[in-house]
Amino acid sequence: WYCPAVTASLFLLLGAALAEPSRGRDTEFQPTRWQRYPILAVLALLSVALVAFLVAQAYQGAARAALQAGDAGGAIRQTEAALRADPWDAGAWELLSDAWRYRSQTPGRESSDLQQAIDARLQAARLRRSDPTNWRRLGLLYAEVGHPEVGVEYLTRALKYNPNYVLGLA
């Protein structure tokens, strides 16, 4: 939705819906007043979705900046806000997993942080089933927690989706 081509298409449809009918051309589609309302309703819904996706992307950008600055807590809060706007964004779940894992490496942190990282990575893997990267990282997280046998299962799944996946083979 944040791509210029999609936004331009949205406004093209909006313009077509609101255009005044031309006189003397019977071959062109000209929506009547009653046909315009459903078109405008759909365009309004698309606009709301566009805004929600843009907000989610802004939160993800803030989360990446916080993570680069070493603020795992801030990255987690920003990513959770992004997921409230768009819960089906696998990239946000991946970012949340990375933030929880980074936080778990802080001295004095609890092992529940790694479990949070596993849960977020599992959600990302469910959303992008054929992406071997998420399955590999999930396997590595389980190895960190002390369950290498579960980690090997996930690493094997990564190779199922891409048998030539060099990082998975390593």
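Reader: What makes Asp98 and Arg121 a salt bridge?

Author: The closest N and O atoms of Asp98 and Arg121 are 2.7 Å apart. A salt bridge is a side-chain nitrogen of Lys or Arg within 4 Å of a carboxyl oxygen of Asp or Glu, so the pair of Asp98 and Arg121 counts as one. Asp98 lies in helix α4 and Arg121 in helix α5 (residues 112-127), so the pair ties together parts that are 23 residues apart in sequence.

Reader: What kind of model is this, and how are residues and side chains treated?

Author: The model is predicted: local features need pLDDT of at least 70, side-chain atom pairs count only at pLDDT 80 or more, and totals for chains, interfaces and linings use all residues. Residues are numbered from 1 along each chain as its sequence is written, and side-chain values use heavy atoms, with hydrogens and water left out.

Reader: Why is Arg121 called buried, and what is Asp98 called?

Author: Buried means under 20% relative accessible area, exposed over 50%, and partly exposed in between (1.4 Å probe, protein chains only). Arg121 has 1%, so Arg121 is buried. Asp98 has 30% and therefore counts as partly exposed.

Reader: How do you know that Glu144 and Arg101 form a salt bridge?

Author: Their side chains meet at 2.7 Å, N to O, which is within the cut-off already given. Glu144 lies in helix α6 (residues 132-145) and Arg101 in helix α4, so this pair ties together parts 43 residues apart in sequence. Glu144, at 38% relative accessibility, counts as partly exposed, and so does Arg101, at 31%.

Reader: Why is α4 called a helix, and what is its span set against?

Author: Helices are DSSP runs (H or I, at least four residues), numbered from the N terminus. Helix α4 (residues 90-104) has 15 residues, so the run qualifies. The expected span is 1.5 Å times one less than the number of residues; α4 reaches 21 Å from its first C-alpha to its last, close to the 21 Å expected.

Reader: What makes α4 mostly covered?

Author: In α4, 11 of its 15 residues are buried, among them Trp93, Leu96 and Trp100.

Methods. Helices (H or I, at least four residues) and strands (E, at least two) are DSSP runs, numbered from the N terminus.
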